[in-house]
Amino acid sequence: MTANVAVYPGTFDPLTRGHEDLVRRAASLFQKVIVGIAESRHKRTFFSLQERVDMACEVLGGFPNVEVVGFDSLLMDFMRRQGSGIILRGLRAVSDFEYEFQMAGMNRNLYPDVETIFLTPGEQYMFISATMVREIASLGGDVSKFVQPSVQRRLAAKVQQLERK
């Protein structure tokens, strides 16, 4: 394991400008950042795992030390496979802290060598959540301030696809 490799796990459904901001910040702190996109079967995701991986690759492709990897396992197993001892998590508000603190404790219990590092996004991204972005897009609202254009196009196409069903 190395302290030079950080894993930023999540569902990224979809990847927002807030997520992108955290990746940018982490990419300047670590030799390598792995954006681990979780299958998360317990969550009903808007996009498939492959769609979320593809979106993240499009948006984050300009960062030479960032790799996007999908996974369908316990985070700690994924961490071992990646050779990383650092979990990167974002905190937008105090309300995020309680959940993230509990998760960090559980992860440390399962894998004592792992440290969780918290970063906050820029203030212009503090209020953005993927859940809100999906909701706005589903109701026909403009999400261009919250996601990259390629993600916005995919959201619009997915909404149209779901409306046809």
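Phe-12 sits in the loop between S1 and H1. This is a predicted model, and the backbone of that loop deserves a close look. Phe-12 is not a glycine, yet its phi is positive, about 50 degrees. Is Phe-12 buried or exposed? With a relative accessible area of 4%, Phe-12 is buried, because the cut-off for buried is under 20%.

Pro-14 lies in the loop between S1 and H1 as well. The peptide bond that leads from Asp-13 into Pro-14 is cis. Its omega is near 5 degrees.

A further backbone angle concerns Gly-83, the residue that follows H3. Here phi is again positive, near 70 degrees. The table collects these backbone angles.

| Site | Angle | Value |
|---|---|---|
| Phe-12 | phi | about 50 degrees |
| Asp-13 to Pro-14 | omega | near 5 degrees |
| Gly-83 | phi | near 70 degrees |

**The largest pocket**

The largest pocket holds about 1200 Å³ of space. It is lined by 45 residues. Which of them come closest to its centre? They are Gly-10, Thr-11, Lys-43, Arg-89 and Tyr-99.

Several elements give two or more residues each to the lining. The strands are S1 (2–10) and S4 (84–90). The helices are H1 (17–27), H3 (75–82), H4 (94–110) and H5 (130–138). Which element gives the largest share? That is H4, with 9 residues.

**Helix H4 and Glu-100**

Glu-100 belongs to helix H4. Its relative accessibility is 6%, so Glu-100 counts as buried. What does Glu-100 touch, leaving aside residues up to four places away in sequence? The contacts are Arg-89, Gly-90, Leu-91 and Phe-118.

**Helix H3**

H3 is one of the helices that contribute to the pocket lining. Its buried residues are Leu-75, Met-76, Phe-78 and Met-79.

Definitions and conventions
Residues numbered from 1 in each chain as written. Predicted model: local features only at pLDDT ≥ 70, side-chain atom pairs only at ≥ 80, totals over all residues. Heavy atoms only, no water. 1 Å grid on protein atoms, 1.4 Å probe; cavity = no way out; pocket = protein on both sides within 12 Å on 5 of 7 lines; lining within 4 Å. Points joined across faces, edges and corners; volume = space filled by probe spheres on them. Helix = DSSP H or I, 4+ residues; strand = E, 2+ residues; numbered from the N terminus. Buried < 20%, exposed > 50% of the residue type's maximum accessible area, 1.4 Å probe, protein only. Contact = heavy atoms within 4.5 Å.
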